[in-house]
Amino acid sequence: MNRDPRYDLLFEPLRIGPVTTKNRFYQVPHCTGMGWLRPRMLAEMRGVKAEGGWGVVCTEYNSIHPASDDLPHPSGSLWDDSDIRANALMVEKVHAHGALAGAELWFGGARTANLYSREVSMDVISAPNFTGHPFQTRAMDRQDIRDFRSWHRDAALRAKEAGYDIVYVYATHGYLLSNFLSPVMNTRSDDYGGSLTNRVRLVREVVEETKEAVGDRCAVAVRWSADESIGEDGVPVFGERHEMFGLLADLPDLWDINIADYSVEMGLSRFVKEGALEPYMRHVKAMTSKPVVTVGRFTSPDTMARWVKSGLVDLIGAARPSIADPFLPKKIEEGRLDEIRECIGCNVCYAGDGIGVPIRCTQNPAMGEEWRRGWHPERLPPAPRAATVLIVGAGPAGLEAARAAAVRGYEVMLAEAGTELGGRVTREARLPGLGEWIRVRDYRVQALQKMPNVQIFLDSEMTAEAVREVGADHVGIATGARWRPEVHEMGAFRAVAPEGVPVLTPDSIMAGQMPEGPTLVFDGDGYYHGAAIAEKLAAAGRPVTYATAEDSVASWGGYTIESGRVRARLMRLGVRLVLSHAMGAFDGARARLSCVYTGAEQELAATSLVMVSARRPNDGLYRALLDAAGGDPGALPFTLKRIGDCEAPALIAAATHAGYRYAFELDAPDAPEGPPAHDRVDVGFDGLEIPAHWK
Ligand code: ADP
Ligand code: SF4
C-alpha cells in the first residue's frame, strides 16, 4: 500500500541545528518507570519505537547529578561516566533504525526530595517540597549555581559521548529551571532574580553552555511552557511568557513546547481531546525561526498534517500515541491507517512511573515487555503447527487473544454470548467521558475482520458441552467478571441490604437501569467506575451522594492524574461527597455509614444504592470443563486456560496483556512459568560496567 500524498509533508526531513531528522514524528521525552533501574528493558522499548518509524526518540527525564534523584520514581541518569554505557545501549537501538536519539537532562529542585541519594534538594529559594515530602529545599547560593551549571555541562558531555543527537535543557514542569523563570517563586534579590532578564539568566547560561559543550555535533532543545497557568475559564494566562520567550527565541536549535498545567498537557480523554495545545502554538511559531514540536495525543494523520501544514508546529510530538502504537509512523507511511492502534487517553502508562514500576499500556500489551518477554507490538512468532483455537468471550482479553493467535496463523473461532463485541469496554465506553475507550475494541475487531483465519460467532453462549463439541486444539476462556452487590471488607464480602431490597451495581447502570430518588454511590473500588457512575446519575438530574472509605475521590486515579479533576467535576455537578466512611447498611430509605477513624456513624436519606465494590469472576465455564476432567487439564483433549477478568478481575490493560500472553505462549511448552527474567542491575550485563549508584 502507498501513503496518501496528503501526508507527504509528515515524511519530509528537517534540519535541527547540526542534525537532521528523517521525518516529522518525534517521540518527546516520557517517563517509563524503567530509567536507570532497567536499562535493557528501556533500550529495547525505545528501539522498537525507532523501528516503528519515529524520526526522533528521546529518553525520559535523565538526572544530571545525585542532587536530583526521584526514587521511588525511576528516572534516567547521567551522573558519572559509568552511566554512559547504559545510555549508549538505548542510543544504539535507536540509531539502528535511522532515528535520532535525544537526552532530556533534568534537575528536579523542589520537585525531588532525593530520598535515595539523601543529598539536600536545592532550588531558587528555600521552599517546601512540591511532592509533599517533609523536606525543604536549600536556596541556591552563587556556588550552588556554579555547581549546577557545571553538572549540567558535564552531563551534556556524557550524553554526547553516549551518542545522543539532541540534548535538552529542561525548563518546565515545576523543576529547577522553571522555578528560576517563575515570577511568583523567584523572589531572589541577586542577578538571578527580579527582572525578567535576571530570571531568564540561568536558562540562558545553561543553553549557551550546553551549545558550547556539545553543539558541534548535538542539537540543543529547550522544553518550555507556553503559559504561566490556565484560568478558571480554561483560557491560558500567558503573563509575561511571550516576552520571556522573546528573550530566548532563537537561542536553542529546537523548542519542545508544553504548558504549565500537566493535567491538561497530559490530560485524560475524559477531559481533554486531541490537539488541545492549539491555542498556544501560533505565537510560539511566530516568535522563533527554530523548529517547534509539541504534543496533543495525536492519533489522526489528518490532524497531524493540518498542524504541520498550517504552521502550528514543525514536528508532531508524541508520548502516549507512541506508547499505544510504536508503529504509528510506519502505518501512516504505508497507508495502513485502519491498523493504527489509537491511544485511548487513560494514562495507565503514566501510572507506572508514579508507582515506581515499568510502564504498561491498555492498548499495547507489548509495551514494557519487549526485552523481558521478547514481545513485539506488531510481530508474533508463527504457529509451529496447524491448530485451531477457540476463544470464549469477546471482551478485551478474548479479542486480544483471538487477534494475536490469528496473527500467529492459528485457525481462530471467537464465541461471544452477547450480540455485540467488546465486553466491558463496550459497556464502559458509554459512561461519561469514556467514549474513546471503545478504541480498545475497534482496533481489535478491525484486525480480526481482515484475517481469513478468523470466525466470529455472536449470540453464542457456550456451555462445557458446546466447547467440547467444537473440538478445538486450544480453548481460551475469557468470560470476564460481574460486579458484586456486597461490600468488601478485607477479604470478606458482606450483604449491605436485607433480602428484597435491591442493590444496584455498575453492571446494572451500564445496562441502562436508572435509579430513582436520592442515590448513594458507594465506591469501594477506588478507580474510575464509582466516580463515573456518580457523574452519570448527577448529570441525569438525580440527587447523588458519593461515599468512599478512602480520603479522596477515585483514589487510585491519583496515579493517572484524574482524582483531582474527577472530584472537581462531581463537586460542580452538586454531588455530595462523604470521604473516609465505610459502608454500613442500606434499607431502601436510608443508608448508614461510619467514619473509618472514629467509628462515628451517620445516616443519610437514599432510596437507591449503587455498590461499586468488587467483581466476581465468571469462571463457571472454565470450572465445568476442568471438573469434567477430574480437575486435571492434562486429561482434556485440548489445552485449557482462563484469561483476563475471568481469571482475576483487573485493569483493561491486564486483560489485553493476558490475551497477548495467551496467544504468544500457545504451543510453547517451554514458555517460562513464573516471574519473567529480571533486568537485574546487580548481575550487570555484557560489556557494561555497573554504575556506582547501582551497587
Ligand atoms: P475481559 O475484561 O476479561 O475481557 P469482559 O467482561 O470484558 O472480560 O468480557 C467477557 C465477555 O465474555 C463478555 O462479552 C461476555 O458476554 C462473554 N461471555 C461470558 N460468558 C460466556 C459464555 N459462556 N459464552 C460466550 N461468551 C461469554
Ligand atoms: Fe494511551 Fe492509555 Fe496506552 Fe497510555 S496506557 S498510551 S493513555 S492507551
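**Cavities and their surroundings**

First, the annotation: UniProt, in an unreviewed entry, puts the feature "domain: FAD/NAD(P)-binding" at residues 388–622. UniProt positions follow the numbering used here, feature names are shortened, and annotations may be inferred rather than shown by experiment. That span is 28% helix and 28% strand, and its end C-alpha atoms lie 18 Å apart. Helices (H or I, at least four residues) and strands (E, at least two) are DSSP runs, numbered from the N terminus.

Some ground rules. This is a predicted model, where local features need pLDDT of at least 70 and side-chain atom pairs count only at pLDDT 80 or more, while totals for chains, interfaces and linings use all residues. Residues are numbered from 1 along each chain as its sequence is written, chains are lettered from A and ligands numbered from 1 in the order in which they are written, and side-chain values use heavy atoms, with hydrogens and water left out.

Now the cavities. A cavity here is a set of points on a 1 Å grid over the protein atoms alone where a 1.4 Å probe fits but cannot get out, and lining residues have an atom within 4 Å of a point. Grid points are joined across faces, edges and corners, and a volume is the space filled by probe spheres set on the points. By class, the lining of the largest cavity splits into seven nonpolar, six polar and two charged residues. For the classes, Ala, Val, Leu, Ile, Met, Phe, Trp, Tyr, Cys and Pro count as nonpolar, Asp, Glu, Lys and Arg as charged, and the others, Gly among them, as polar.

The second largest cavity comes in at about 80 Å³. It has 13 lining residues, and closest to its centre are Ala324, Cys343, Cys346, Cys349 and Cys361. Helix 10 (320–324) and helix 12 (348–355) are the elements that give two or more residues to this lining, and helix 10 has the largest share, three residues. The lining of the second largest cavity counts eight nonpolar, three polar and two charged residues.

Next, helix 21. Its 13 residues, 652–664, reach 18 Å from first C-alpha to last, close to the expected 18 Å, where the expectation is 1.5 Å times one less than the number of residues. Eleven of those 13 residues are buried, so helix 21 is largely enclosed by the rest of the structure. Buried means under 20% relative accessible area, with over 50% exposed and in between partly exposed (1.4 Å probe, protein chains only). Ile652 sits in helix 21 and is buried, at 5%. The C-alpha atoms of Ile652 and Thr362 are 6.0 Å apart, although 290 residues separate them along the chain.

One last bit, on rings. Trp437, Tyr527, Tyr528, Trp556 and Tyr559 form one aromatic cluster; rings of Phe, Tyr and Trp (its six-membered ring) pair if their centres lie within 6.5 Å, and planes under 30 degrees apart count as stacked, over 60 as edge-to-face and the rest as tilted.

Terms used:
On a 1 Å grid over the protein atoms alone, a cavity is a set of points where a 1.4 Å probe fits but cannot get out, and a pocket is an open set with protein on both sides within 12 Å along at least five of seven lines; lining residues have an atom within 4 Å of a point.
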